[in-house]
Every structure is written in structure tokens, then in C-alpha cells.
Amino acid sequence: MVERSPVFDDDPGPVAPVPVELSSHPARHCLGVDTEVFFPVSELGVLQARLVCTGCPVRVACREWATATGQYGIWGGTTREQRIAHRHAATIPAPEPVRPAVAA
Ligand code: SF4
């Protein structure tokens with residue numbers, strides 16, 4: 001089995017090029033982890049992949065990049081579905097503040 005990091009992978013897999021600040025970070029937790037781990041096919045696999053990302057020093061940047069570029073798989077400790085939901089929530093305008101009724 002070939003061990004590669006998803007952020008160090010030069011296959012055409014990612015939808016957009018991985019930023020060098022992610023792919024070259026020496027302390028990223030997925031360094032040396034098999035890429036397949038980040039494309040799980042079960043809930044247990046999702047948990048295992050997210051566990052790798054826990055505490056990764058580039059987790060936030062990784063998640064933001066994956067959200068912005070529509071990546072598949074686990075990035076920044078999140079699933080694609082979580083990133084899509086977060087993206088939609090960010091585009092929904094905040095509700096108008098509720099004003100208390102004033103007695104006449
Ligand atoms: S957050 Fe996860 S996928 Fe992103 S660089 Fe860190 S370990 Fe890799």
C-alpha cells in the first residue's frame with residue numbers, strides 16, 4: 001500500500017490545487033497516512049479520518065480551502081456534507097431582530 005497524504009497528493013484527485021502552505025506543512029497530521037483513509041465508505045471510517053485531523057496545526061486552513069473549492073472526502077476534520085451545510089448557513093442572512101411590542 002502506498003502511503004501518501006491527501007494534501008501532498010499530486011494526483012488530479014483534488015478539484016483544485018492544494019495550497020503549498022498545507023501541502024508542505026511539516027507537522028500536518030496526515031503526513032504519511034494513506035489517502036484512502038480520507039475517503040471513507042463507512043461511519044467508522046469517517047470517525048477514523050476525523051481523528052487524524054484532530055489537533056492538526058493547519059486544520060482550519062485545510063477546512064476553509066476544502067469548503068471554498070468543493071473538495072470531496074475528509075478535510076480539516078469535516079465531511080463534504082458538513083462543509084456544504086456550513087457554506088449554506090453562511091449565505092443565509094441573519095434574521096431581523098425581534099422588537100418588543102410597545103403598548104400604546
Ligand atoms: S486537517 Fe486533516 S486533512 Fe487537513 S492537513 Fe491536517 S490532517 Fe491533513
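This report walks through the surroundings of the ligand, an aromatic pair and a helix.

The model is predicted, so local features need pLDDT of at least 70 and side-chain atom pairs count only at pLDDT 80 or more, while totals for chains, interfaces and linings use all residues. Residues are numbered from 1 along each chain as its sequence is written, and side-chain values use heavy atoms, with hydrogens and water left out.

**Around the ligand**

Let us start with the ligand. There are 10 residues around it, and Cys30, Cys53, Cys56, Cys62 and Gly76 come nearest; a residue is near if one of its heavy atoms lies within 4 Å of the molecule. The shell divides into 6 nonpolar, 2 polar and 2 charged residues. Here Ala, Val, Leu, Ile, Met, Phe, Trp, Tyr, Cys and Pro count as nonpolar, Asp, Glu, Lys and Arg as charged, and the others, Gly among them, as polar.

A search of the whole structure finds 0 disulfides, a disulfide being a pair of cysteine sulfur atoms within 2.5 Å.

Buried means under 20% relative accessible area, exposed over 50% and partly exposed in between, with a 1.4 Å probe and protein chains only.

| Residue | Relative accessible area | Class |
|---|---|---|
| Cys56 | 13% | buried |
| Cys62 | 7% | buried |
| Pro26 | 68% | exposed |

Pro26 sits in the loop between helix 1 and helix 2 (43-53). Its C-alpha atom is separated by 9.7 Å from that of Pro57, 31 residues apart along the chain.

Helices are DSSP runs (H or I, at least four residues), numbered from the N terminus. In helix 3, the buried residues are Cys62, Trp65, Ala66 and Thr67. Helix 1 (20-23) and helix 4 are included in what covers them, where contact means heavy atoms within 4.5 Å. After helix 3 comes Gly70, with a positive phi near 70 degrees.

How many aromatic pairs does the structure hold? It holds 1. Trp65 and Trp75 form this edge-to-face pair, at 4.9 Å centre to centre and 70 degrees between the planes. Trp65 lies in helix 3 (residues 59-69) and Trp75 in the loop between helix 3 and helix 4 (80-91), so the pair ties together parts that are 10 residues apart in sequence. Both Trp65 and Trp75 are buried. For such pairs, the rings of Phe, Tyr and Trp (its six-membered ring) need centres within 6.5 Å; planes under 30 degrees apart count as stacked, over 60 as edge-to-face and the rest as tilted.

Methods
Helices (H or I, at least four residues) and strands (E, at least two) are DSSP runs, numbered from the N terminus.
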